[in-house]
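Subject: Structure for you to look at

Hi there,

Here is the structure I promised to send over. My notes on it follow below, so please have it open while you read.

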Amino acid sequence: MSKVQFARIREQGITFGVVVVKDSAVDDVSERNGTVAYWSRYLGCPTILLGANRHRYYGRTDLVRFMSTVPFHAIPWRTADIAA
């Protein structure tokens, strides 16, 4: 089992997820789209990625733009155990 930090956010009628991942998952062009697709299926909603150390977002442009204005302390973070 490994732990993942994530948030499900509902804003202006849209529910979406934010998942904290290694920075390499955001940087790697071949990996990031698959990672977004996996987490979107897992959470059941559109999902964007957040690099753990550099705090860069990747995903749907409108969601990334919105989240870039939200302070980290205002995000309703949760931690869950998932099968590795």
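Thr47 counts as buried, at 3% relative accessibility; buried means under 20% relative accessible area, exposed over 50%, and partly exposed in between, with a 1.4 Å probe and protein chains only. A polar atom of the Thr47 side chain lies 3.0 Å from the backbone oxygen of Cys45. Leaving aside residues up to four places away in sequence, Thr47 touches Gly17, Val18, Val19, Val36, Trp39 and Ser40, where contact means heavy atoms within 4.5 Å.

Before going further, a word on the source: this is a predicted model, in which local features need pLDDT of at least 70 and side-chain atom pairs count only at pLDDT 80 or more, while totals for chains, interfaces and linings use all residues. Residues are numbered from 1 along each chain as its sequence is written, and side-chain values use heavy atoms, with hydrogens and water left out.

**The chain as a whole**

The protein chain has three helices and five strands, arranged along the sequence as β-β-α-α-β-β-α-β. Its radius of gyration is 12 Å, close to the 12 Å that the globule rule gives for 84 residues, so the chain is as compact as a globular protein of that length (the radius is taken over C-alpha atoms, and the rule is 2.2 Å times the number of residues to the power 0.38). Along the principal axes, the C-alpha atoms fill a box of roughly 35 × 25 × 25 Å. Of the 84 residues, 37% count as buried. Among contacts between residues at least 6 apart in sequence, 61% join residues at least 24 apart.

**Helix α2**

Helix α2 covers residues 29-43, and its 15 residues reach 22 Å from first C-alpha to last, close to the 21 Å expected at 1.5 Å a residue; that expected span is 1.5 Å times one less than the number of residues. Which residues of α2 are buried? They are Thr35, Val36, Trp39, Ser40 and Leu43. Seen down the axis of α2, these buried residues fall within an arc of 130°, so they line one face of the helix (the arc is that of the directions from the helix axis to the C-beta atoms). Their cover includes β1 (2-11), β2 (14-21), β3 (47-51), β4 (57-58) and β5 (78-82). The face turned away from the buried side carries the exposed residues Ser30 and Arg41.

Arg32 also lies in α2. Beyond residues up to four places away in sequence, Arg32 touches Ala25, Val26, Asp27, Leu49 and Tyr58. The C-alpha atoms of Arg32 and Tyr58 are separated by 7.8 Å, although the two are 26 residues apart along the chain. A polar atom of the Arg32 side chain lies 3.2 Å from the backbone oxygen of Val26. After α2 comes Gly44, with a positive phi near 75°.

**Two loop residues to check**

Most residues other than glycine have a negative phi. Gln12, in the loop between β1 and β2, has a positive phi near 50° and is exposed, with a relative accessible area of 75%. His55, in the loop between β3 and β4, has a positive phi of about 55° and counts as partly exposed at 40% relative accessibility.

Terms used
Helices (H or I, at least four residues) and strands (E, at least two) are DSSP runs, numbered from the N terminus. A polar contact is a pair of N or O atoms within 3.5 Å; within protein, one must be able to donate a hydrogen and the other to accept it, and residues adjacent in sequence count only if both atoms are side-chain atoms.
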